[in-house]
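Visitor: Please take a close look at one part of this structure, the surroundings of the ligand.

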Amino acid sequence: MKLYNFYASSTSYRTRIALNLKGLAYEYIPVRLDKGEHLSAAYGEINPMRGVPTLEVDGVRLYQSSAIIEYLDEVYPDPPLLPKDPIARAHVRALTAIIGSDMHPVNNLRIRNFIRDTYKQDADGVAAWIGLWNKAGFDAFEAMLRADKSRRGFCYGSAPTMADAFLVSHVFSAVRFKTDMSPYTEIRAVVENCNALKPFADAHPSKQPDAGG
Ligand SMILES: N[C@@H](CCC(=O)N[C@@H](CS)C(=O)NCC(=O)O)C(=O)O
């Protein structure tokens, strides 16, 4: 498998976590978002939406981190990233959707650039936008974690699921954009537990070959 991705991208990070949790090896192909490489015609041929990640499996390209991670879970079921019980699956998918559908899209690079360039917002204005949507999402996520009395250290149950991969990667990006995480004690505890595990630690942006460069 080949993973087109960028070290600091949260959608790439969540996909690396899933690959590592499954114990799958992959070729790391950097796409430098900071240099606009994803906007090139060449990358447009690879991914029509010009986003990362793209996972290439036996020459076939898969898009959208949620679809990629669910594909991995279907083909490599152990360890499971979604619970078997339909209600529990819906719950874990709801947690991932808070981040994947409600939070990340409105704070994505192209949105931040639009707000800066078209709506003439300075760095503080862009940071206020990011903080607003991160707060809305993290407030809901924290409330859902708090309400689930059967959790044992992770977003659901006693082992990582898709929701943990989404949470850890989005918290990394939120901290980078200076979102105040201090109110979110349950979220912070889950992130700490996850980061103590090798599949999460190895997926961290600072450990990737294109980090910082
Ligand atoms: N919904 C897509 C989003 C992919 C995406 O847009 N990723 C970001 C990086 S985190 C990106 O490539 N942004 C480029 C841009 O906004 O121009 C997914 O989950 O894979």
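Which helices each supply at least two residues of the shell around the ligand?

Guide: This is a predicted model, in which local features need pLDDT of at least 70 and side-chain atom pairs count only at pLDDT 80 or more, while totals for chains, interfaces and linings use all residues. Residues are numbered from 1 along each chain as its sequence is written, and side-chain values use heavy atoms, with hydrogens and water left out.

Helix H1 (10-21) and helix H5 (109-117) each supply at least two residues of that shell; helices are DSSP runs of H or I with at least four residues, numbered from the N terminus. H1 contributes the most, with three residues. The ligand is surrounded by 15 residues, each with a heavy atom within 4 Å of it. Val52, Gln64, Ser65, Asn108 and Arg110 are the closest. By class, the shell holds four nonpolar, nine polar and two charged residues; Ala, Val, Leu, Ile, Met, Phe, Trp, Tyr, Cys and Pro count as nonpolar, Asp, Glu, Lys and Arg as charged, and the others, Gly among them, as polar.

A polar side-chain atom of Gln64 is 2.6 Å from a ligand nitrogen atom, and one of Thr11 is 3.2 Å from a nitrogen atom of the ligand. At Arg110, a backbone N or O atom lies 2.8 Å from an oxygen atom of the ligand. Taken alone, the ligand exposes 510 Å², of which the protein buries 89%; accessible areas come from the Shrake-Rupley method with a 1.4 Å probe.

How values were computed:
Polar contact = N/O pair within 3.5 Å; in protein donor to acceptor, adjacent residues only side chain to side chain.
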